[in-house]
Structure formats: C-alpha cells, structure tokens
Amino acid sequence: MGRRIDSDHSRFREIVRGRIKQDLKKYVSSGEMIGKQGDKYVSIPIPQIQLPKFRFGKNPKGGVGQGEGEPGKPVDGEGEAEGQAGEDEGQHVIEVDVSLEELAAILGEELELPRIEPKGKKNITSLGGSWKGIRSVGPQSLRHFRRTYRQALKRQIASGLYDPDNPVIIPVREDQRYKSRKEEQIPQANAVILYMMDVSGSMGREQKEMVRIEAFWIDTWLRSQYKNIEVQYIVHDAVAHLVDQHTFFHLRESGGTKISSAYELCLRLMRDKYNSQEWNVYPFHFSDGDNWSSRDTEYCVDLLKNAILPHCNQFCYGQVKSAYGSGQFKKDLDQAFPNDERIVTSDILDRDGILPSIKEFLGKGA
Amino acid sequence: MGNLTPELARYAEEIRELAAGYGLDFYETIFELVDWDELNMVAAYGGFPKRYPHWRFGMEFEQLQKSYTYGLSKIYELVINNDPCYAYLMRSNSMTDQKLVMAHVYGHCDFFKNNAWFAHTNRKMMDAMANHGARVRRYMDQYGVDTVEDFIDCVLSLDNLIDIHSPYIRRAEPKAEEENPEPPRLKAKDYMDRYINPPEVLAAEERQRREEQAKKQRFPSEPAKDVLLFLLHNAPLQRWQQDVLAMLREEAYYFAPQAMTKIMNEGWAVYWHSTMMCKDLVEPAEVIDYCDHHSGTLATSPGQINPYKIGVELFRDIEDRWNRGKFGLEFQRIENEEERRRYNKNLGLGKEKIFQVRKVYNDVTFIDEYLNAEFAEEQKLFVYGFNQQTRRYEIVDRDYRKVKAQLLWSLTNFGQPRISVVDANYRNRAELYLYHDWSGVDLQFQQARETLTNLQKLWGRPVHIETKEEGEGRLLSYDGEEFSVTELSPAEEPPEVVGQEQEERVKTRKLP
C-alpha cells in the first residue's frame with residue numbers, strides 16, 4: 001500500500017523545488033546549508049514552508065526562562081530571537097556530525113545533481129575483491145565455522161530446542177555458512193580541479209568568501225564522484241601564479257586584471273601534467289568580470305576555444321558580484337559560446353546565489 | 001486492544017489498573033505498536049492517520065524523519081484526545097520507556113476526559129478527521145487538487161483567528177429591540193410633565209438611542225473574534241469552500257484546548273508517570289534508564305520554559321501546600337519566612353486539590369492563581385530581555401510579579417495576537433476591517449502582509465488590519481492589487497493597552 005504521507009511528502013518536495021505552486025516558493029526557508037565548514041561539521045538544511053499568519057514578530061519584551069544567574073547574565077542557547085517562551089517555533093538549523101560522503105550525498109539530493117559519467121570504460125577497474133562475504137552455499141573448505149555455529153544456535157533457541165543445562169548445538173544443512181569473495185568496483189577515474197581566481201583590487205573579502213564557500217562544495221561533490229582527485233589553485237591579477245590552498249583563499253592583491261594569464265597557466269598545467277586522456281579536467285574560474293582590455297578578452301576566448309575546451313570535461317566560469325566589477329567578461333563569454341555545452345557561466349550575486357550556481361555548474365553531469 | 005506484544009499487553013493492563021486505583025478517570029485507551037517511520041507519519045498528521053491530503057504534513061514528516069535519522073530527536077509518546085483514546089508506542093523503545101510512556105499516556109487521557117476546557121471537544125475526532133479527509137479528496141477530484149489546496153493554504157494562514165472561549169460561553173447577541181421612534185415617557189399630568197420627564201434627560205436618552213442605532217448599522221455590531229466563523233457566514237464562498245472552511249475551523253477548535261493547557265496537561269502526565277513508575281513499576285535494574293529519561297524530559301534551558309517541568313513542579317507545589325494547609329487568610333498573614341516555610345497543619349487535602357485543579361483550570365488561570373513568590377524563587381524563574389548594547393538576551397529580573405506577567409502575556413489567547421473583525425462595510429464599500437488588539441509586541445509585518453493577501457482572496461473586496469508598530473498606529477491595507485500602509489493619528493486608536501492592564505492586575509495581588 002502506498003502510504004498517504006508519501007504523496008504529501010512528494011508534493012512538498014515538488015513545492016520546495018519550485019516545480020508546482022510557484023507562489024509558495026517564496027515562503028521556503030532553507031536553513032543554513034553552509035553554516036560551518038570547519039572540520040566536518042555542517043548544519044543540515046531542513047527546508048520549511050511557513051504559511052503566513054498574523055503572528056507576533058520579534059519580542060522586545062523577552063520571555064521567561066529558568067536557571068541560575070544574576071540579572072545581566074546573558075541567556076545562552078540563543079535566547080530565541082522570535083517567538084515567546086515555550087514555543088517551538090524558530091529556525092530549524094540543527095548542527096549534526098556528518099561525514100563528507102554523507103554531505104556530498106545530501107548536496108546531490110538537494111540540488112538533484114546527476115552522477116557524473118566517467119570518461120570511457122577504462123576508468124572503472126574491478127580490483128579483485130576480498131573475502132568479506134557470507135553465503136549459504138559453498139564448498140566445505142570455505143565453511144565459516146563460527147557463523148555456522150551461530151546460525152544453529154539461533155535456530156535452536158528460536159525453536160525452543162536449546163537447553164542451557166545441556167548445550168548441544170547440532171547444525172543442519174540450512175545452518176551452514178560459507179565465506180565468499182566480494183567483488184568491488186573501484187572507480188579509477190582521476191580528476192583534477194583547477195581553480196582560478198581573480199585577486200585584483202576589486203575582489204573584496206566578501207567576494208573571496210563566496211568563492212571559498214563555493215569551492216568547498218564543488219570539492220565535496222567532485223570528491224564523492226572520483227576516487228583520486230587533485231586540486232590546483234591559480235591566482236591572477238595581471239600575472240598568474242600557482243599557489244597553495246591557504247594562499248589561494250587569503251591572498252589579497254591589487255592591481256589590474258589580465259585573465260589570459262590565468263588561462264595560459266591553466267593550459268600549461270593541462271599539457272604538462274593533466275593529460276585529458278587520463279584525467280577528467282574541471283577548470284573553474286571566478287572573477288568579478290572586469291578584464292583589462294577587450295583584446296585580452298578576445299585572446300581568452302581564443303585560448304578557450306582552441307586549447308582548453310577540447311581537453312576538459314567542462315569549463316565553469318563563476319562571476320561574483322562586486323561593487324566595482326562591470327561584469328563584462330561573462331557577457332563576452334556568453335556571446336562567444338552561445339550554445340556550447342562545455343562551458344557554463346553563472347552569476348553569483350550574493351551568498352544565497354551560491355547553491356543555484358553550484359547547481360548550474362554541476363547539474364549537467366559532464 | 002491494539003497490536004501489543006503479550007508482554008506489553010500485560011503491562012498496559014497493569015498500568016491501567018494502577019491508574020484507575022490512583023483515581024484517574026479515562027476513556028478506554030488503545031495502544032498501537034508502530035515503527036519509527038509509521039510513528040513519524042502519524043505524528044506528521046497531528047496524530048490522525050487519516051487526514052486530508054496536504055503538503056504541510058509531508059513537510060512535518062520530512063523534518064521528523066531527518067531529525068530522527070540524524071539522531072537529534074525522537075518521539076516518545078503520541079496520544080489522541082478521542083473516545084477511545086489512541087496512543088502510539090514506538091516498537092524500538094526499551095521496556096522501561098514503554099512503561100513510562102504508558103503511565104504518561106494515562107495521565108493525558110485522564111486530563112482529556114476531565115479538564116473543563118476539553119469538555120466541548122469532539123470525542124469522535126478520529127472519525128471526523130477521516131470524514132474531512134474523504135470530503136476534501138472528493139472536492140479535489142471535482143475541482144482539481146491545486147484549486148482546493150490553494151484554498152486550504154489560504155484558510156490555514158488564518159486559522160489562528162478563532163475565539164477560543166466561544167465554546168464555553170454565549171457571546172452577547174445583539175438584542176432585537178422593538179422600534180420606538182419616541183423616547184419613552186412616564187405618564188404625567190400636564191403641569192407635572194416638565195418635572196417627571198425633564199427635557200434634558202429626554203435629550204440624553206435620545207442621543208443614546210441614536211448611538212445605539214448607529215452601532216446597529218455597523219456590521220458586525222460587536223467585534224467578531226471568531227474571524228473564521230465571520231468569513232464562513234459572510235464571505236462570498238462557494239459551497240465546497242464553505243465546507244472546507246468549516247472543517248478547518250472545526251479542527252482549529254479541536255486543537256485549541258491543547259494549546260491552552262500545554263503546561264497543565266504535560267505537568268499532570270509527568271506527575272502520574274513519575275508517581276506510578278517510582279512507586280510501582282520500576283524494577284531495580286531499570287532505575288538508571290528511568291531516571292535518565294525522566295530527567296531528560298524535565299531538563300531546563302535558560303532560554304525558555306519547559307512546560308513539563310513547570311507543570312509538574314506546580315502541581316507538586318499545590319499538593320504540598322494543600323497537604324500542609326498553606327492557604328487561606330491565617331497563612332497569608334504570617335510574615336516570618338521561616339514560620340511560613342515550616343507551617344503545617346497536616347490537612348492532607350493535596351490530592352483532592354490537584355484533582356480539582358486539573359478539572360477547572362487552564363494554563364492562564366493555573367499560572368495566575370498558583371504561581372507565587374516562593375515558587376518562582378525555588379524554580380529560579382526569571383524574565384529575560386534583549387539588551388541593545390550587548391546585542392544579546394540577558395536576564396532582566398527575578399521578581400515573581402514580572403515573571404508572572406510575562407508568562408501570562410505569552411499564554412494569553414494561546415500565544416496568538418488578538419484580532420477581530422470590527423467592520424465589514426468599511427467606508428461603506430464592503431471592505432473588511434480587522435482590528436489587532438496590540439499588547440506591546442508587533443506583528444511580523446512581512447507575514448501580516450502576506451496574510452492580508454490570503455484574506456483578500458476569501459473576502460473578495462479590499463481588506464485592512466489596524467495594528468501598531470512600536471506603539472504607532474498603522475493601517476495595513478490590501479485591495480487585491482496593491483498593498484499600502486497608512487499611519488493612524490493617535491486620536492483614532494482606542495486607549496486601552498492590555499499589557500499594562502495585566503501588569504496592574506498582578507501588582508494588586510501582593511501578599512498582605
């Protein structure tokens with residue numbers, strides 16, 4: 001019997017995903033998916049739709065609590081910003097310990113990301129396996145004595161044949177258990193992520209933070225899809241450098257912007273180290289969209305078209321909104337590659353724009 | 001009786017007899033043993049497995065599933081006010097927990113049956129809800145799922161606008177007065193007429209009569225607190241819409257007493273599970289598990305009140321006071337603290353008293369009547385508020401009068417803003433005018449806006465709500481296309497401020 005709740009639940013999911021009843025979409029609050037990145041703690045998003053009501057807002061009168069302390073002592077545990085004493089309302093952001101694998105699964109589920117089709121069959125190798133399985137048939141030489149005994153014991157207890165004073169266990173045919181070999185498919189596809197970031201003067205701290213968050217989630221997802229993944233970081237203003245992760249996120253440069261410098265470096269890496277025959281290559285470029293000159297932009301387009309795109313799975317360009325950026329570069333790219341599936345561009349207006357942009361980048365499963 | 005295992009059935013019977021022996025009085029109680037996801041499903045439906053289809057239940061379900069899966073919370077008990085009472089037990093719970101839950105459930109069942117505020121709830125709600133489900137499904141087949149669901153969404157956004165006291169009293173109905181054009185005159189001889197029917201009195205009567213008439217022309221003549229009922233009678237709805245609105249209103253009234261007695265109901269159930277567990281049910285090996293679970297239920301956190309804790313402590317306090325005779329004038333007159341503490345006349349009236357309390361009180365009257373200085377001190381209650389400088393919530397005061405005032409405020413009208421229809425023909429254009437009886441806390445404005453649009457969908461004509469924003473009068477209006485806010489000048493607003501009034505009332509209740 002299909003449960004009633006399942007149809008209600010799928011209807012709710014459809015609303016959250018914006019497929020039906022668009023007018024309710026605006027009431028969806030998604031909690032803070034990107035709360036804490038540090039180590040392995042994050043907050044689990046619990047999407048909610050709160051129907052509007054005449055209800056009390058922020059209560060300047062406060063509420064009633066219970067416990068020790070003199071007047072003036074802060075009421076910890078987030079003395080609810082809304083609602084009154086004893087009410088269960090409020091934000092449902094709950095911190096839970098989850099592994100990165102689970103996190104990736106959640107991300108995949110929330111954003112409906114397709115699993116990535118690895119390039120070619122050669123990338124999946126069956127690596128033998130191990131003697132971890134148990135079967136109920138097999139040769140006597142592989143009999144698992146302990147499991148057989150346990151099975152017999154269970155059967156005798158269940159059927160009331162077991163007598164603790166006279167503990168005789170006699171296995172019958174159905175109790176026999178045998179070791180078996182479990183074959184494992186281990187993906188052998190290698191992938192490399194090449195992050196490029198514009199660190200010119202116009203990229204402020206907030207812009208970098210947005211890039212950092214986005215990069216974290218992209219990393220998490222791609223890592224769940226590939227066994228071996230390498231990450232390279234490139235920063236550029238007028239010149240490009242290969243840097244480590246810390247520097248990538250913390251460097252503050254100033255000066256002009258020459259995007260082609262980063263693309264050149266990216267291309268050099270792809271040629272020297274990450275041959276597209278063996279690697280799945282994912283270049284990501286984040287910038288505020290201000291390039292030094294239109295001539296350089298033309299050169300960038302040329303590099304992409306003839307050198308980078310043929311050798312990578314997908315090229316992603318994320319344009320972070322900043323106060324100074326003109327955002328011209330994205331327009332230029334869109335113009336140059338109107339219907340090219342290999343290149344994805346996305347606008348990231350603010351932090352809320354991060355998730356949709358990840359979806360745009362990874363939603364194709366390339 | 002349900003689908004209990006033989007062992008559980010034995011305990012259920014034992015606990016039922018125990019509870020009856022303690023004087024609890026309940027409808028037959030049926031326990032169902034369910035898996036965690038079934039329990040989450042039933043809980044998502046508010047306890048009624050057969051309800052009308054709505055995405056909101058799916059949302060509840062997802063939240064419960066997620067928080068159970070990640071080990072954040074699980075539901076222990078779920079009991080339905082119905083005759084017979086239905087209660088659900090989670091299959092995976094330990095036997096200690098099952099016993100505790102069953103004892104707890106009998107507490108709730110007794111409360112449902114005997115508390116006066118539940119007296120008017122439908123005891124066949126299981127069936128009623130299933131019927132509602134069937135009707136809504138039929139309308140969905142007939143008019144389309146989206147149409148019906150959109151309408152339900154609109155109504156749900158207004159379903160807190162009910163008159164929670166109306167089941168218990170009869171609101172003054174406008175008297176049908178005979179029309180007499182002339183003010184009544186006493187019979188008098190001509191020369192005495194001036195003295196017996198003085199013209200100024202007649203004029204005053206005439207004025208009053210006119211006012212009355214003006215009032216009668218207003219519609220509704222008295223503010224309608226039951227906004228849903230008002231819409232049901234007066235909004236231009238189709239038959240199926242009226243039916244759906246009536247059903248949802250009925251459900252809102254069914255659930256309202258549970259919100260009105262949360263503290264008492266939980267306190268009463270905790271009182272009985274702890275009594276039965278400690279005196280009769282716990283095996284020596286189960287003591288630790290029981291204590292762990294019990295203290296978890298009663299845990300306090302500084303930011304909010306735990307209704308289980310406050311409820312049970314207050315019941316115990318009342319029992320103790322009436323056992324010792326700590327009430328009445330003689331006791332009130334004692335000023336020496338030590339003497340007050342030791343006071344004991346061995347009256348032994350405690351049990352009788354708490355049974356009486358569970359019968360006639362609701363949370364507001366319960367707190368108002370029995371929360372006193374000693375109790376507030378013992379329970380370490382405090383009022384907290386937002387400190388603008390530190391940007392944090394901080395303890396403000398431990399004065400029990402303030403604690404009480406704050407607590408009462410938050411319980412008033414089951415924690416919902418008090419809103420009524422004052423004029424359904426505003427500006428003589430059939431516009432609907434609601435009045436929010438502001439008591440110190442603003443409405444959430446964004447939501448108020450959205451709610452107005454939903455209201456407008458039902459009413460058809462422009463709708464307004466008068467409220468206040470930080471003490472300044474505001475009229476929010478929505479005409480179907482545009483939303484507007486008008487500032488009201490102070491003269492237009494009624495002088496009554498409820499928050500203060502309440503505080504006053506508490507202040508005068510000082511001990512002599």
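## Stop one: a loop in chain B

Start by selecting Ala430(B), which counts as partly exposed because its relative accessible area is 31%. Keep in mind as you click around that this is a predicted model. Ala430(B) sits in the loop between S6 and S7 of chain B. Check its backbone: phi is positive, about 55°, although Ala430(B) is not a glycine.

Now pick Arg427(B), in the loop between strand S6 (419–426) and strand S7 (431–436) of chain B. Arg427(B) has a relative accessibility of 47%, so it counts as partly exposed.

## Stop two: a cis peptide

Stay in chain B and select Asp83(B) together with Pro84(B). A cis peptide bond joins Asp83(B) and Pro84(B), with omega at about 5°. To place it in the fold, show strand S2 (78–80) and strand S3 (85–90) of chain B: Pro84(B) is in the loop between them.

Zoom in on Tyr195(B), which belongs to helix H7 (residues 193–196) of chain B. Is Tyr195(B) buried or exposed? Exposed, because its relative accessibility is 56%, and the cut-off for that label is over 50%.

## Stop four: two helices in chain A

Hop over to chain A and show helix H5 (residues 205–225) and helix H10 (residues 354–362). Two packed helices are described by the angle between their axes and the distance between the axes. For H5(A) and H10(A), the angle is about 45° and the axes are 10 Å apart. H5(A) and H10(A) are therefore oblique to each other.

## Stop five: a buried valine

Finish in chain A with Val344(A), found in strand S13 (residues 343–348). Val344(A) counts as buried because its relative accessibility is 5%, and buried means under 20%. How far apart are the C-alpha atoms of Val344(A) and Gln314(A)? They are separated by 7.4 Å, while the two residues are 30 residues apart along the chain.

Terms used
Residues are numbered from 1 along each chain as its sequence is written. Chains are lettered from A and ligands numbered from 1 in the order in which they are written. This is a predicted model: local features need pLDDT of at least 70, side-chain atom pairs count only at pLDDT 80 or more; totals for chains, interfaces and linings use all residues. Side-chain values use heavy atoms; hydrogens and water are left out. Helices (H or I, at least four residues) and strands (E, at least two) are DSSP runs, numbered from the N terminus. Buried means under 20% relative accessible area, exposed over 50%, partly exposed in between (1.4 Å probe, protein chains only). Axes are lines fitted to C-alpha atoms, for helices over the stretch in contact, and angles run from 0 to 180 degrees between N-to-C directions. Angles under 35 degrees count as roughly parallel, over 145 as roughly antiparallel, 65 to 115 as roughly perpendicular and the rest as oblique.
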